[in-house]
Amino acid sequence: MDTPPASPPPPLPPPPANADVSPFTLKRTRKATRLRSLATRPPGAERPVVNVDPATGKADGPYKKKLRTYLGIVARDKVDVTYDTWKEVPTAQKDLIWEDIQAEFQIPEASDNRTKKKILQIVGERWRQFKSDLTRKWALAVDKDGADDIVCEKYGISKEKWTQFCQTRRDPSWEDVRKKAQASQKQNTAPHVLSRGGYEYLEEKLMAEKAKKRLEEAAQSGSTEGIIDPPSPFRRHVKWKMARTKKTGQMTSEAAKEIADRIVIIFVYFVNSLDKYVFGTGFFGRAGVTGIVCPPWTSGYPDCCHWATRAPWPCSCCWSRCHHKAILWISFTNIPQFFLHAS
């Protein structure tokens, strides 16, 4: 005889109407980054080598991204969020942070005091960004029940420190500072969508894509000519436009789109006009094989210099006949006159 199927379990009773919302009903968030590869490095193992420019603080090498991530971790874990400014952080604590960074990474330029100063400045920037994220996502998010417990557990902040931080962020004086910063941010009508790597990472990405495309084209054509040579760098206006282009292909704002269109029109017209009137037989009228020659009004001067003669156009005596320098000279001095004569 067949066994009858088991009846389904009775439904759970609904929660009471006045019950508080559990903090676990909130949307799951990614846990704080810890860089486990550094934490699990065996004792005595060699530290990753990262070169840092003492003048700019820019890191170089295969581990530069890890250093950048570690600086954010140190700023989050080692600096108290209750300090109002980075200047209030004690010097002794900053020295301990610098020692922690050197314990995890080998920086050949660490003996230069400028390197320490630049690295600690970056830590201060990461610390201010961390406080800004806490303010925007948690401290002022009054509609999130149980947010205090989540923040304290996720970032390792004590409840006393978190309560003190929230009180400063909900103070009327801080609201005035916040509104002033928001008004200043609204002045940026063409925001970019770059990651923390900035233009440096964007240029590396574009150069890698360009090199890959050259290899694919060479493989299809069967020619190896030009593969060894590195690809030419991207122009500044191209990087500016790429930094403000979303993944969908749209610009970040109408102002950014208008500026990008204007840049393309001016650049194309400028280069074409420069080739025609400077390096061709146009405006100067006496252009020969060498390209640029002296304008007619400078022929009576022995030094033949546009600065001495007050001539509006440069001549071949002022530089070594370089197309790039001609662009720079005209663009930074008399570009309105250039377009007036070239139009």
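Helices are DSSP runs of H or I spanning at least four residues, and they are numbered from the N terminus. The model described here is predicted.

**A residue in a loop**

Q250 lies in the loop that links α9 (236–243) and α10 (254–277). Its relative accessibility is 53%, so Q250 counts as exposed. When residues up to four places away in sequence are left aside, Q250 touches R244 and T245.

Helix α5 comprises residues 147–155, and its buried residues are A147, V151, C152, K154 and Y155. In an α-helix there are 3.6 residues a turn, so residues three or four places apart point the same way. The buried residues of α5 are covered by elements including α2 (64–78), α4 (113–139) and α6 (159–169). Just after α5 comes G156, which takes a positive phi of about 70°.

**Two cysteines without a bond**

A disulfide is a covalent bond between the sulfur atoms of two cysteines. How many disulfides does a search of the whole structure find? The search finds zero. For C152, the closest cysteine sulfur is in C166, at 8.3 Å, and this is too far for a bond. Likewise, C166 is in no disulfide, its nearest cysteine sulfur being that of C152, 8.3 Å away. The cut-off for a disulfide is a pair of cysteine sulfur atoms within 2.5 Å.

| Residue | Relative accessibility | Class |
|---|---|---|
| C152 | 12% | buried |
| C166 | 5% | buried |

Both values fall in the buried class because buried means under 20% relative accessible area.

Methods:
Residues numbered from 1 in each chain as written. Predicted model: local features only at pLDDT ≥ 70, side-chain atom pairs only at ≥ 80, totals over all residues. Heavy atoms only, no water. Helix = DSSP H or I, 4+ residues; strand = E, 2+ residues; numbered from the N terminus. Buried < 20%, exposed > 50% of the residue type's maximum accessible area, 1.4 Å probe, protein only. Contact = heavy atoms within 4.5 Å.
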